[in-house]
Amino acid sequence: MSTTQFDTGTPNLSPPPVVQGDPVQLADGIFVIPDRRVDLVPNIGIVVGSQAALVIDSGLGPRNGTYVMEQAKQLAGDRQLYLTITHFHPEHGFGAQAFKGTATIVYNRAQRDELGRKGAGYIELFKGLIADIGPTLDEVKFVDPDLTYDGQAEIDLGGHRAVLRSVGPAHSAGDQTIFIDDRVLFAGDLLETRMFAIFPYFPPLDTDVNGSRWLGVLDELIASKPEIVVPGHGEVSDTTLICDAREYLEYVRGEAARLRASGASVEEAIATIDAAARRRWTTWDHPEWIAFAARVFYQTGS
Ligand SMILES: [Zn+2]
């Protein structure tokens with residue numbers, strides 16, 4: 001279970017996004033199925049205790065969800081299964097139907113409500129943004145969680161303790177962090193490795209992304225000193241990843257405020273910030289998100 005299989009014979013042609021490979025063990029009983037830096041594939045966590053196992057994020061669509069559940073069952077045997085998601089976005093939560101009836105699905109209240117408000121809208125949004133994704137999305141059926149909570153919830157897996165905490169709105173309204181044993185953090189899209197932060201600002205469907213609160217969440221995560229940090233996308237890392245993400249968001253926040261105060265229009269501010277950030281973070285993927293971040297910070301004015 002310690003190796004990841006890479007298909008080196010063909011390029012990664014996406015979509016459809018496919019969760020692939022074996023779980024990699026990060027610490028005793030704590031696994032990740034790496035995203036291999038494939039678009040629309042998230043890092044997926046599987047935590048196996050003596051009594052129960054927790055899956056973190058499902059992948060996009062029931063086929064990926066079924067693959068993830070089979071991987072979890074191989075690790076967990078007949079232990080009770082739980083599924084939670086870092087947030088409701090399609091590649092993180094739109095495979096949950098594969099788990100319904102087998103695993104106990106746990107969301108925070110904001111996640112559940114956000115999925116209800118925006119789920120169908122995101123299917124249409126993704127169909128418009130991403131070529132050939134339609135058939136994958138047409139298979140999606142939304143399911144309700146079996147349990148919801150407010151604030152914080154703990155799941156005792158037997159030898160591993162999972163703390164689920166509702167921290168949004170930041171990247172989304174219902175962001176959830178999952179801490180395992182106070183040392184391994186699953187952060188979802190609050191963090192990405194070598195990738196610009198995703199600001200899903202799509203009015204009128206979705207305007208909940210909140211850069212200022214996001215910065216506050218990152219401060220709390222830095223203070224919590226996790227040893228291992230699993231981002232939503234990109235390689236597993238440590239606290240330096242949180243500091244890097246914070247530095248970028250703080251840069252955009254500061255520049256947007258400065259340019260706005262100097263009388264620059266929103267489009268002028270976006271162009272300036274976009275060009276500067278591309279020069280500064282040359283190795284990061286998905287620079288198309290810089291403009292979204294600049295717009296959100298400019299509009300909120302802080
Ligand atoms: Zn997301």
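## Histidine 171 and the zinc site

Histidine 171 counts as buried at 1% relative accessibility, where buried means under 20% relative accessible area, exposed over 50% and partly exposed in between, computed with a 1.4 Å probe and the protein chains only. This is a predicted model, in which local features need pLDDT of at least 70 and side-chain atom pairs count only at pLDDT 80 or more, while totals for chains, interfaces and linings use all residues. Residues are numbered from 1 along each chain as its sequence is written, and side-chain values use heavy atoms, with hydrogens and water left out.

The zinc ion is coordinated at 2.1 to 2.2 Å by His87 through NE2, His89 through ND1, His171 through NE2 and Asp189 through OD; donors are N, O and S atoms within 2.8 Å of the metal (3.2 Å for Na, K and Ca), and sites may look incomplete because water is not among the atoms. Along the chain, these donors follow the spacing H-x1-H-x81-H-x17-D. Histidine 171, in the loop between β9 (161-166) and β10 (176-180), and aspartate 189, in strand β11 (residues 184-192), are 18 residues apart, and the pair links distant parts of the chain. Aspartate 189 is also buried, its relative accessible area being 2%.

The angles among the four donor atoms run from 90 to 167 degrees, and the site is classed as irregular. Under the rule applied, four donors count as tetrahedral if all angles lie between 85 and 135 degrees, whereas four count as square planar and six as octahedral if opposite donors are over 155 degrees apart and all others between 65 and 115; anything else is irregular.

## Lysine 118

Lysine 118 lies in helix α3, which covers residues 109-129; helices (H or I, at least four residues) and strands (E, at least two) are DSSP runs numbered from the N terminus. With 2% relative accessibility, lysine 118 counts as buried.

The side chain of lysine 118 makes a polar contact of 2.8 Å with the side chain of aspartate 206, a polar contact being a pair of N or O atoms within 3.5 Å; within protein, one must be able to donate a hydrogen and the other to accept it, and residues adjacent in sequence count only if both atoms are side-chain atoms. When neighbours within four places in sequence are left aside, lysine 118 is in contact (heavy atoms within 4.5 Å) with Phe88, Ala173, Leu205, Asp206 and Asp208.

Alanine 96 is found in the loop between α2 (90-93) and β6 (104-108) and is buried, with a relative accessible area of 3%. Not counting residues up to four places away in sequence, alanine 96 touches Ser58, Leu83, Ile105, Tyr107 and Val143, and its C-alpha atom is separated by 9.4 Å from that of asparagine 64, 32 residues apart along the chain.

Isoleucine 155 belongs to strand β8 (residues 152-156) and is buried at a relative accessible area of 7%. Beyond residues up to four places away in sequence, its contacts include Leu54, Tyr82, Val106 and Leu164.

## The chain as a whole

The chain has eight helices and twelve strands, and of its 302 residues 56% count as buried. Among contacts with a separation of 6 or more, 65% are accounted for by residues 24 or more positions apart. Along its principal axes, the C-alpha trace spans about 60 × 40 × 40 Å.
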